[in-house]
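Biologist: Please take a close look at a single part of this model, namely the side of one chain that meets its partner. I would welcome a connected account with the cut-offs stated.

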Amino acid sequence: MTIEALGLEKRFGSFAALRGVDLKVEPGELLALLGPSGSGKTTLLRSIAGLETVDRGQILYEGIDADTISLRDRRVGFVFQHYALFRHMTIADNIAFGLKVRPRRERPPRAEINARVEQLLELVQLGGLGGRFPAQLSGGQRQRVALARALAIEPRVLLLDEPFGALDARVRKELRRWLRRLHEEIHVTTIFVTHDQDEAFELADRVVVMNDGKIEQIGSPAEIYDQPATEFVYEFLGGANRLPCHVEGGVALIAGTRLTTDLPRDFTGDAVAFVRPHEIGVARPNGHIDDVAQVRSILPIGPDARLDLEHVSGHIEALVPRESLDAAGIGVGSRCAVRIARARVFPTS
Amino acid sequence: MRAERPSLIDPWPVRIVVGALIVGFVGLFLALPLYTLFAQAFAKGVDAYLRAIDEPAAWAAIKLTLTVAAIAVPLNVVFGLAASWCIAKFEFRGKQLLTTLIDLPFSVSPVISGLIFVLLFGLQGWLGPWLRSHDVQIIFALPGIVLATVFVTFPFVARELIPIMEAQGTQEEEAARLLGASGWQTFRRVTLPNVKWGLLYGVLLCNARAMGEFGAVSVVSGHVRGRTNTMPLHVEILYNEYNLTAAFAVASLLALLALATLAAKAALEWRGRTEIAS
Amino acid sequence: MTLALDSVRRGQRAKVLPGFRLTLGITLAWLSAIVLVPMFALVSRAAGVGFDGMIASATDARVLASFRITFGASLIAATINLVFGTMLAWALVRWRFPGRRLLDGFVDLPFALPTAVAGIALTTLWAKRGMLGQIADGYGLQIAFAPPGIAIALVFIGLPFVVRTVQPVLEELEPEIEEAAATLGASRLQTIARVVLPELLPALLTGFALAFARAVGEYGSVIFIAGNRPGQTEIVPLLIVTKLEQYDYAGAAALAVLMLLVSFVMLLAINLLQRWAKKRHGN
């Protein structure tokens with residue numbers, strides 16, 4: 001199903017959770033809403049589900065205004081962050097709930113419901129556990145029950161709010177892969193919320209990066225990683241050095257290296273450059289002053305080494321092949337020249 | 001947040017019907033009785049009201065009620081502090097049983113609370129003959145009333161303090177001890193400040209019950225006007241004599257005490273909530 | 001006393017905190033003097049009657065009638081409180097309206113108001129010439145000095161119990177559970193019936209049991225409004241007092257022990273209920 005959000009705005013008291021959000025979700029895609037807490041991603045998800053009414057804007061399901069569709073007819077499979085399982089019902093009853101509450105005319109016969117529950121239990125790898133209560137399951141198992149319950153109503157769209165947030169790291173990784181495979185199998189339009197970029201990049205076809213109630217960038221994981229559109233996205237993805245620099249005629253001087261930027265030819269002024277550690281190289285000092293840094297520490301990581309460098313423009317982290325250090329005779333405490341291979345430069349506002 | 005979730009909002013027809021039922025129920029069972037109380041007390045004017053209270057038997061009842069509360073409440077405060085200290089701060093076998101026994105007076109009919117002391121100290125009771133030969137009177141006298149009152153208010157303070165002390169654990173006290181504080185200093189300067197609002201709350205409830213208890217006190221008092229009548233018993237006598245204005249006048253004093261207790265309770269709860277929030 | 005000595009050893013090994021011996025000593029001494037010894041006096045006095053004597057006093061026609069009216073009125077009152085207490089708790093937790101905090105505090109009035117005071121106010125209100133009694137009389141109903149009056153007094157004194165047990169559970173109830181039911185296609189009514197009420201069930205039953213237990217033992221508020229006619233509107237606590245006034249100590253003690261047994265069973269039921277709730281919800 002195609003879902004469109006047009007100009008969504010939503011306030012909670014004085015807090016603006018959504019400030020003009022436009023988004024189109026393609027049929028069958030797996031979309032991640034990525035952002036820090038308070039960025040509006042959960043509010044967007046809940047608004048799409050119909051659990052939140054927006055102050056302004058419209059949500060379209062297949063081109064139809066979702067406001068005119070009741071919660072029951074939307075057929076949204078929603079998986080809550082803490083699962084919201086019904087504690088007094090068995091796992092099987094939890095999964096069957098959405099079928100059992102249908103009006104009598106639309107309700108499948110009991111045998112069919114039971115068969116469907118069994119099938120879903122198998123799908124989420126919980127066969128034989130239908131008689132247990134939620135309290136008797138582990139976190140990862142509850143997660144899958146919540147998913148099975150959402151899938152039972154044959155949803156047109158599956159919405160997951162921080163689906164792995166409450167799980168420990170190992171289970172989270174396993175479930176992530178499992179969910180990816182499941183999506184490839186059933187291919188239902190899926191949107192999930194996360195604040196974990198690894199999770200978003202590993203799972204999603206497209207990632208929506210949100211900040212402060214607005215969308216910063218939409219793109220495939222590779223696009224987002226290779227071409228962060230804004231300063232915020234760079235900062236949020238983390239790991240990059242943030243170096244103040246000066247731009248003259250579109251050319252930036254970053255820690256002694258001159259680089260042509262994407263900025264207009266006639267741009268002159270202060271800017272900030274984002275440089276990833278592996279985009280930095282080091283060499284023996286060659287008489288220049290402005291590219292020289294002091295090596296504070298060296299941490300070997302496999303064939304590479306992570307360098308902490310102290311440059312006049314600030315602290316720089318570099319990731320270089322270890323042999324290049326030996327070749328240049330660089331050790332802790334020695335001086336070296338910094339070489340920037342690539343950078344993205346944003347003018348200082 | 002809750003009110004913002006559209007799928008949780010009760011539809012207006014439901015609100016109106018349920019709201020009307022609630023208003024009817026609260027009006028019928030809480031508001032109208034309270035209104036009747038004060039309406040009857042002032043039915044014959046303020047002068048009649050004041051005259052009903054300013055009368056020797058009424059003063060004697062007020063004095064006796066204050067005396068009983070002044071003895072019973074401190075006793076139960078000391079007990080409540082001791083009980084909550086050993087139950088909340090230490091582990092020992094039989095703790096669960098002890099907690100249950102402390103709560104016992106709450107689940108006993110007030111009549112039985114009085115009866116047990118009559119069976120113990122009454123003329124035909126266990127210690128009755130001995131007490132009589134030594135000319136000590138407990139039943140139908142102040143000591144009996146105090147005993148019955150202590151019994152019915154027994155759990156109040158302990159019950160408020162135990163959960164608070166348990167939640168606070170023992171680390172602060174242990175730290176105080178390691179810093180060289182004596183046992184008494186630890187209690188006074190660390191434990192007591194931490195539980196003071198809970199303690200006040202318990203005292204408030206204990207006091208309200210001590211002054212208002214009827215059944216238990218009625219059984220042990222003997223209803224001697226001007227001597228062993230507490231305020232609730234005095235209300236009963238006046239009422240049975242069809243002296244309604246006077247009965248309701250004295251009753252209104254007790255009702256004011258109840259309302260003051262509720263107000264103080266709400267204030268304490270509000271205070272506790274803001275302290276937690278800050 | 002082995003309990004105490006054993007405890008002292010265990011307690012002191014574990015802790016550096018002082019005062020265990022002292023406070024446990026005070027607690028046990030005070031508990032014995034005020035609660036245990038007098039209760040023992042009661043039980044031993046009742047035991048003096050013997051088992052047959054207990055049966056005889058329990059099956060006496062007047063006693064049976066008083067048990068019937070006490071339990072009947074208590075059951076009706078607790079049921080009324082269950083229904084209205086749940087609605088009241090719901091409104092206090094879920095709705096925002098002016099005067100909500102005031103109403104919240106007002107619910108505790110029956111806890112704070114002396115029972116005798118409540119008794120005379122309710123009687124005056126529901127007597128034939130009282131404000132509400134008049135209206136009922138117009139329909140040929142007698143409230144005060146008849147069984148309905150007893151039930152009304154018991155509704156009053158039991159009112160806070162259901163509200164105060166249901167309210168915190170309702171506050172803790174995750175709103176996501178209801179949203180989950182809604183996204184799965186349940187109507188609001190289905191959500192309440194199948195998801196919310198089952199979650200509240202332990203609290204509902206506990207509140208009901210507490211209100212019932214309190215009603216069974218109630219004396220002060222009932223004796224004014226009941227009329228106290230033997231066999232018709234005489235409650236068990238009043239019968240105990242009557243026997244005591246006739247110096248029938250053994251008979252009073254026997255009845256008291258029977259009532260204690262009832263409260264004991266109720267207490268046990270409440271404990272089991274709470275254990276069940278804890279187990280089911282796995283916390």
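Modeller: What follows concerns the interface of chain A and chain C, and then the domains of chain A.

This is a predicted model, in which local features need pLDDT of at least 70 and side-chain atom pairs count only at pLDDT 80 or more, while totals for chains, interfaces and linings use all residues. Residues are numbered from 1 along each chain as its sequence is written, chains are lettered from A and ligands numbered from 1 in the order in which they are written, and side-chain values use heavy atoms, with hydrogens and water left out.

Chain A places 22 residues in contact with 21 residues of chain C, contact being heavy atoms within 4.5 Å. The two chains bury about 2,000 Å² between them, and carbon and sulfur atoms give 62% of that area; buried area is the accessible area (1.4 Å probe) that two parts lose on being put together, summed over both. Of the area that chain A buries against chain C, 31% is supplied by Arg87(A), His88(A) and Phe97(A), more than by any other three residues.

Arg87(A) also takes part in a salt bridge with Glu199(C), where the closest N and O atoms are 2.6 Å apart.

The elements of chain A that give two or more residues to the side touching chain C are α2 (71-74), β6 (76-79), α3 (91-100) and α5 (139-152). Among these, α3(A) gives the most, with three residues. Helices (H or I, at least four residues) and strands (E, at least two) are DSSP runs, numbered from the N terminus. By residue class, this side of chain A divides into 14 nonpolar, three polar and five charged residues; Ala, Val, Leu, Ile, Met, Phe, Trp, Tyr, Cys and Pro count as nonpolar, Asp, Glu, Lys and Arg as charged, and the others, Gly among them, as polar.

Chain A itself is divided into domain 1 (3-236) and domain 2 (239-347), with bounds from an automatic or database domain assignment. The C-alpha centres of these domains lie 41 Å apart. Between them they bury about 860 Å², 51% of it on carbon and sulfur atoms. Tyr225(A), Glu231(A) and Tyr234(A) supply 68% of the area that domain 1 buries against domain 2, more than any other three residues. Glu231(A) forms a salt bridge with Arg242(A), the closest N and O atoms being 2.9 Å apart.

Note on methods: Salt bridge = Lys/Arg side-chain N within 4 Å of Asp/Glu carboxyl O.
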